[in-house]
Structure formats: structure tokens, C-alpha cells
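Subject: Structure for your review

Dear colleague,

Please find below the structure that I am handing over to you. My notes on it come after the sequence and coordinates.

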Amino acid sequence: MRLFLKLDINSICKTIIQEQCEKLALEYEILGFGEVNIKSAVSDAKLQELSEKLAVYGIQIIENQKSILIQKIKDTIVEMVFSDIDTTLKSSVYLAEKLNHSYGYISNLFSEVTYTSIENYIIIQKIERVKQLLLINELTLTEIAYKLNYSSVAHLSTQFKNITGLTPSAFQRIIGKRRNNIEI
Amino acid sequence: MQTNTIYILLADDDEDDRTFFRDAFAEIKINANVNVVHDGEELMSYLKRTDIILPHILFLDLNMPRKNGLECLAEIKQLEHLNDMAVAIYSTSASEKDIEESFVRGANIYIKKPNDFDSLIKTLNIATTINWQYHTDSLNKDTFLLRIE
């Protein structure tokens, strides 16, 4: 006997997801096709387990794929800022070439997942480097500005103030005092 | 996803301020879980509980009964299990002395309480977003200072 089946993909997937979430005792809510909200706190191990259970049915948690690319974007930015790579190249061009995706794509993905933009992330990393250099205390602010390709010391100071709310010298003074405080 | 939830704790004795704070977070895109305590004593016993998820950021009012913000800050800095928690001073004071002293004693963020709701949303959004970068990217917490007015 040959049976002809009418398949309702939507409810099949829904049932599978329900069963697997319940097996792992996850509190969940199916938001629509391809989207599930897990309400309880989930450990990485449990998420991994769910991911493996669903993979049997050909269902993949895409968040991971995205996170991998996001991590690559971040790593590339950190490398760019901290290792004095050829800075004549625009960062958008550099990232696109390095990651093999269009800048539009990575930029949108980044904003969607990280609550910030690539431009802002680069600035935060640059200020981190400035902080580091300030605390090593080997270079003057002018030299730091030059090293990190700021057009002027004023530009660097303004960006520092925008990100931290403090001037570079106030920052240095506070960290200095804090260190003395700990020693006492 | 759950892994993107930011846990937030506010210690403030003023009921209106607590309400504004919660309402402001409801307006922010970030997925935040907000808890409140009412004074310094309650804060310290909360942070010593073992059945809670420790907050990523503590917003700490300076002027509180029973134990004030700076006293709490000093205690927090002595507790090793709270090393990863960022401390944001959340105060009506904008005196340079308070600000500098808070930072020197180990606060990461200093926020002067904004006067209107829109600025509050904006301020909390900035503080939470930048802190999230520090949290997820293991940036150097020791040099994380942020002043918002």
C-alpha cells in the first residue's frame, strides 16, 4: 500500500521544537516560524545539548553562525587597532577584504547583534589602546595621537572625552590615585 | 537569546527614582533584567546571597540610609566574587570631589541623575551599552571609567 502524505512543515517543526525543549525542561515560547524565545536561564552546555538534539532533525541554531562572524569582526578590529597595521586603508575596506563579506552586510549584522556599530566599536578599542599607552607613560599625548592616526591632539582628546566623559589627564590622575590608594 | 540578557541591580532609597529607573529600562532596546534594593544594608546582604545571578552592573545611589554608597563600594571592592560586577554611581551630586572620590575608590561609572525622563533613558542606554562591551569583550575593567552628565 502506498500512502500519500500531506506534510505540514510548520507544525512538524513546531512539535519537534516543543518536544526537545520540554525534554531539557526549558521554559520556551514559539514566536513564529524559525524563532523560539527561551525564557529560563540556559547554561552554554544546555544550549549545546539543544543544538545537538535539533541538528538530528536538520534544525540548526543560527545564532551560533552569526556569533562566529561577529567574533571574527571583533578580532579583526582589535588586531587592526592594536598592531599598527597599514592604516592608510579605510577600516571599512580593510574589514570587508579581511572577512570576505561586503561592508554593508557585516556592518548591519554587527549592529543587530551587539547593540553598537562597527564605527563605535573601533572607537572604543582605539580609546582602550590610548588608555593603555597613557598608563605606560612612555609617550606624550601628542605622540599617542600621531601613533594612532588622529588628525590632531584635540581630536584625540575630544574623542576620549566623548567615550569616557573624562579628559585624558583626569583619567591618568584618577588611575594614579587609585593605584596609590590600593598600595596604602 | 537568554545569553544576551543584562542583569541590573539598583540600590536607591527613593521610591520615585526606582520607578523612573525601571520605566526607563522598559524603553531601552537592550534585554535587561532589573532588580532593586532599598538601602545599603539590603544591598550587601543581597550581593552575598548564593541563589541569585550576580548583576553585570550595580547602580548605586550615594546617599542612602543605614549604609551609604561609598561604604558599600568599599565593601564590594573587598569581595572577590564581585570582581566582574561594574559599579555605576547614580547620584544627584555633581561635585567634582564626589566624582573623583568614587572613581578612586573603584567605581567604573559616575552618573549624575538626569532631571527628565528622556535624558534618563539616554544615559542608562549609554552606560549599559558600553558596559556590555566591557563585559562581552573582556576589555580591561580596571581602567574602565565613564562619566555621564
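Predicted model: local features only at pLDDT ≥ 70, side-chain atom pairs only at ≥ 80, totals over all residues.

**The annotated region of chain B**

UniProt, in an unreviewed entry, lists residues 7–128 of chain B as "domain: Response regulatory". In the model this span is 43% helix and 20% strand, and its end C-alpha atoms lie 10 Å apart.

UniProt also places the feature "modified residue: 4-aspartylphosphate" at D61(B), again from an unreviewed entry. Where does D61(B) sit in chain B? The residue belongs to the loop between β3 (57–60) and α3 (69–78). D61(B) has 24 C-beta neighbours inside 10 Å and therefore counts as buried, the cut-off for that class being 20 or more. Setting aside residues up to four places away in sequence, D61(B) touches A11(B), D12(B), D13(B), G69(B), Y90(B) and S91(B).

Beyond its neighbours within four places in sequence, Y90(B) is in contact with D12(B), F59(B), L60(B), D61(B), I111(B) and K113(B). The C-alpha atoms of Y90(B) and L58(B) are separated by 9.3 Å, although the two residues are 32 residues apart along the chain.

**The nonpolar core**

Which residues touch the most other members of the largest nonpolar core? They are L60(B), V87(B), A88(B), I89(B) and I109(B), in a core of 61 residues. This core also draws at least three residues from each of domain 2 (65–115) and domain 3 (121–183) of chain A. As background, nonpolar side chains tend to be buried together in soluble globular proteins.

L60(B) touches A11(B), G69(B), C72(B), L73(B), V87(B), A88(B), I89(B) and Y90(B), not counting residues up to four places away in sequence.

In helix α4 (residues 96–104) of chain B, the residues I99(B), S102(B) and F103(B) are buried. They lie on the same side of α4(B), because the arc they cover around the axis is only 95°. After α4(B) comes G106(B), with a positive phi near 115°.

R66(B) is a residue other than glycine with a positive phi, in this case near 70°. R66(B) is located in the loop between β3 and α3 of chain B. With 13 C-beta neighbours inside 10 Å, R66(B) counts as partly exposed.

R49(B) lies in the loop between α2 (40–47) and β3 of chain B. R49(B) counts as exposed because it has 8 C-beta neighbours inside 10 Å, and the limit for that class is 12 or fewer. The C-alpha atoms of R49(B) and A107(B), which are 58 residues apart along the chain, are separated by 22 Å.

**Chain A and its domains**

Chain A is divided into domain 1 (9–61), domain 2 (65–115) and domain 3 (121–183). For domain 2 and domain 3 of chain A, the C-alpha centres lie 23 Å apart. Six residues of domain 2 of chain A are in contact with six residues of domain 3 of chain A. On the domain 2 side of this contact, the largest share, four residues, comes from α3(A). By class, that side has four nonpolar, two polar and no charged residues.

N100(A) is not a glycine, yet its phi is positive, at about 60°. N100(A) sits in the loop between α4 (91–99) and α5 (103–114) of chain A. With 8 C-beta neighbours inside 10 Å, N100(A) counts as exposed.

**Contacts between the chains**

How many residues of chain A are in contact with chain B? The count is 20 residues of chain A, in contact with 20 residues of chain B. On the chain A side, the elements that give two or more residues are α3 (63–82), α6 (118–136) and α9 (168–183). The largest share, six residues, comes from α9(A). This side of chain A comprises ten nonpolar, four polar and six charged residues.

With kind regards

How values were computed
Residues numbered from 1 in each chain as written. Chains lettered and ligands numbered in written order. UniProt positions renumbered as here; feature names shortened; annotations may be inferred. Contact = placed C-beta atoms within 7 Å. Nonpolar A, V, L, I, M, F, W, Y, C, P; charged D, E, K, R; others polar. Core = buried A, V, L, I, M, F, W, Y, C linked by C-beta atoms within 7 Å. Domains from an automatic or database assignment. Arc of directions from axis to C-beta.
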